[in-house]
Amino acid sequence: MRRLIVFLIGTYFGVVLTKSEVVSWFRIQSMFRFEEAHMYLIIASAVAVGVVSVWLFKQLGQKDIYHEHVELAPKPFHKGIVIGGTLFGLGWAITGACPGPIYAQLGSGEYLALLTFIGAFVGAYLYAYVRPYLPH
């Protein structure tokens, strides 16, 4: 039953991503060219929902799935964040997808997204391999 619920939530999320056009390569390219605000407004709304959700989570004293209190510690800033963010942004601009929408692109029949999926998969393993040598 739990897998069915997860499947249905994932399917709903994919439909929302597709219908809101955040998986559209053309929308993403328009965002990076500063031609339209569609994607920026969606990102801003996601940030607002995240901020309100974390605030409510803290105010209500909610616990994680293991019934433990959650502490959100600030992460230290270092040059690896800039390097990683730049690589992520370049990959997003070139392929038209960050990791989440890849599955929605595949599900909507954009089979070139398979190349993006393979690239993300290889990139994750490459990162795990070179992680000890990177600035953290």
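The secondary structure of the protein chain in this predicted model amounts to 6 helices and 0 strands. Going along the sequence, that gives a plain α-α-α-α-α-α pattern.

Two helix pairs show how the pieces pack. Take α1 and α5 to begin with. Helix α1 covers residues 2-19 and helix α5 covers residues 99-107, and their axes come within 9 Å of each other. The crossing angle is roughly 90 degrees, and angles of 65 to 115 degrees count as roughly perpendicular, so α1 and α5 are put down as roughly perpendicular to each other. On the α1 side, the contact is made by Gly-14, Leu-17 and Thr-18; α5 brings in Gly-100, Pro-101 and Ala-104.

From α2, the residues making the contact are Trp-25, Ile-28, Gln-29, Met-31 and Phe-32. Their partners on α4 are Gly-89, Trp-92, Ala-93, Ile-94 and Thr-95. The contact of α2 with α4 splits into 7 nonpolar and 3 polar residues, and again no charged residue takes part.

Back at the start of the chain, there is a surface feature to look at. Met-1, Leu-4, Ile-5, Phe-7, Leu-8 and Ile-9 come together as a nonpolar patch on the surface. Taken together, these residues have about 680 Å² of accessible area. One of them, Leu-8, sits in helix α1, the helix that crosses α5 at roughly 90 degrees. The α1 residues that touch α5 are Gly-14, Leu-17 and Thr-18, while the patch is built from residues including Leu-4 and Phe-7.

Definitions and conventions: Residues are numbered from 1 along each chain as its sequence is written. This is a predicted model: local features need pLDDT of at least 70, side-chain atom pairs count only at pLDDT 80 or more; totals for chains, interfaces and linings use all residues. Side-chain values use heavy atoms; hydrogens and water are left out. Axes are lines fitted to C-alpha atoms, for helices over the stretch in contact, and angles run from 0 to 180 degrees between N-to-C directions. Helices (H or I, at least four residues) and strands (E, at least two) are DSSP runs, numbered from the N terminus. Angles under 35 degrees count as roughly parallel, over 145 as roughly antiparallel, 65 to 115 as roughly perpendicular and the rest as oblique. Contact means heavy atoms within 4.5 Å. Patches are made of residues with over 30% relative accessible area and no salt bridge: like charges are joined within 9 Å, nonpolar side chains (Val, Leu, Ile, Met, Phe, Trp, Tyr) within 5 Å. Accessible areas come from the Shrake-Rupley method with a 1.4 Å probe; for residues, only the protein chains shown count as cover. A salt bridge is a side-chain nitrogen of Lys or Arg within 4 Å of a carboxyl oxygen of Asp or Glu. Ala, Val, Leu, Ile, Met, Phe, Trp, Tyr, Cys and Pro count as nonpolar, Asp, Glu, Lys and Arg as charged, and the others, Gly among them, as polar.
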